Amino acid sequence: MPSEFSPEQLKKVVKRAQSGSEQDFYELYVLFSKPVYNFVWRLIGSVEDAEDLVQETFLKVHSELKHLRDANQFRFWLYRIARNEVYQKLRRTQRATEVSIDDDEAGYYNFLRDDIRQPDPEKLAISGELNDVINQALQGLTPKYRDVFVLAVFQKMSYEDITKVVGRSLLSVKTDIYRARLMVKEAIAAYMKRSRVEKI
Amino acid sequence: MNCEDWRIQIGAFLDGSCDPKMVKPVRTHLDTCSSCLAFYREQSDLNALLGSSALEIEPPQHLWYRIESRMHRPEEVSAVSAFVSSLFRFWNVPKLRYALISSLLLLVVSWSLLEFRANRESDRLLLAQIDAYHFEVKGNPFLSQLEKTTPPENPFLDLGASTSNPFLSKGSSQ
C-alpha cells in the first residue's frame, strides 16, 4: 500500500471525496494511480490499454464513490474495479487465453518512451527488456493465477487483502500464487540463462 | 505435509503472509530440507527482482487531465441507454448470468410440460364427448331405430309418377 497516508488519514480523505471534494479525489488519484496503473499494466501487458483502463477505473470510482459503504475498504474496492475493467477488456478482445506478441512488443516500446524517470538509458533498456520478459511470462498465465501473483509479488499485498480483491478463499489464493511462482520462475530463469550466454 | 505443501507455505512466508502459527515450522523445515531451502532461495531472488521499483512505470502526466475532462462532462445518456447498459452490467456478472439462463430454461421446460398436460386434457375431453355421443345414439333404442330407417319416398313424386295426365291420357286413348 502507498505509505504516504495512515489508514486513518486515508479514511478521512475517502470520506471527504465521497462528500464531493475534488481536491480529495485528486489526492486519492495521486496516491493510487501508480500502483493501480502498474497492476493493470501487468495484467493486460500493454501500456495503451493500461492507460485507458486506469482512466475508466478512476471514472468509475468517481461516479460510484458515494455508494461505498465502508471507507476502510476503499483500496480493495479500487483494485477490484481495476481488475474487473481488465477482465471486461480481455473478454471483449477475446484475449483471455491468448498471448499477442505484437501487443507485448508495443508495450515494450511504449514503456521505453513513457518511463522518463529512469536516468540511465542502459539501465532503462535492461529493465525494459526484463519487463518485456516478465510481461510475456505473465501473459502466459491464466488470469486466475496472474491477478493473485501480481497483487502478491508486484503490489506486495497481503494474502488476506488479496482475498478481498479477488473474492476467493485464502487457500485458493495461496495455491494459485505458488503455481504462478513456478511458471514465472521458469520463464525468468530461461531469460537469465539466455542473457548470460549472450554476454559471454 | 509433503514438500509441495511446505513450498506453498514458504511462498506465503516470503510474501509476509504466512500464518503466524506456521512461521516456526516453516523455519524448522527449511533447516532440514535442502530442496525446499533451494526453492526458498530461488523464490527469494525472484521476489527481490520482481518487487524492484526499477521495474515499475509511471502513469503518463496527461492521464489525470483525461480523467478530469471526462469527470466534468455532463451525462448524455438517455433513460433507455441507461437501462440497456444496466442490463449489460447485469449480464457481465457470471453468477447472475447463469442464474438468468437457468431460470429461463426452467421457465421453458415448465411451460412445455404444462402445455403438454393441457393438450392431453383437451384430447381426453374430446374423446369423452365422442364416446358420449356414441352412447347417446347407439344406446338409445329410439334414436338407433331412427338412424336405421330409410327416408320415406316422396309422396308427391309417387303421385306424379303414378297419376297419368288426364288430358294426355284422354287424347292418347282417342
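I take a polar contact to be a pair of N or O atoms within 3.5 Å; within protein, one must be able to donate a hydrogen and the other to accept it, and residues adjacent in sequence count only if both atoms are side-chain atoms. The model is predicted, so I note that local features need pLDDT of at least 70 and side-chain atom pairs count only at pLDDT 80 or more, while totals for chains, interfaces and linings use all residues. Residues are numbered from 1 along each chain as its sequence is written, chains are lettered from A in the order in which they are written, and side-chain values use heavy atoms, with hydrogens and water left out.

Entry 1, the interface.
I looked up polar contacts between chain B and chain A and found 18 residue pairs, both residues at pLDDT 80 or more. On the side of chain B that touches chain A, the elements giving two or more residues are helix H1 (3-14), helix H3 (34-50) and helix H4 (62-71) of chain B; helices here are DSSP runs of H or I with at least four residues, and strands are runs of E with at least two, numbered from the N terminus. I then counted contacts (heavy atoms within 4.5 Å): 34 residues of chain B touch 47 residues of chain A.

B:Leu50, B:Ile57 and B:Glu58 supply 18% of what chain B buries against chain A, more than any other three residues. I counted seven salt bridges between the chains, each a side-chain nitrogen of Lys or Arg within 4 Å of a carboxyl oxygen of Asp or Glu. One of them joins A:Arg181 to B:Asp15, with the closest N and O atoms 2.8 Å apart.

I located A:Glu51 in helix H3 (residues 47-64) of chain A. A:Glu51 has a relative accessible area of 11% and therefore counts as buried (under 20%; exposed is over 50%, partly exposed in between; 1.4 Å probe, protein chains only). Beyond neighbours within four places in sequence, A:Glu51 is in contact with A:Tyr37, B:Pro60, B:His62, B:Leu63 and B:Arg66.

I read nine helices and zero strands in chain B. Of the 174 residues of chain B, 19% count as buried. Of the contacts in chain B with a separation of 6 or more, 33% are between residues 24 or more positions apart.

Terms used. Buried area is the accessible area (1.4 Å probe) that two parts lose on being put together, summed over both.
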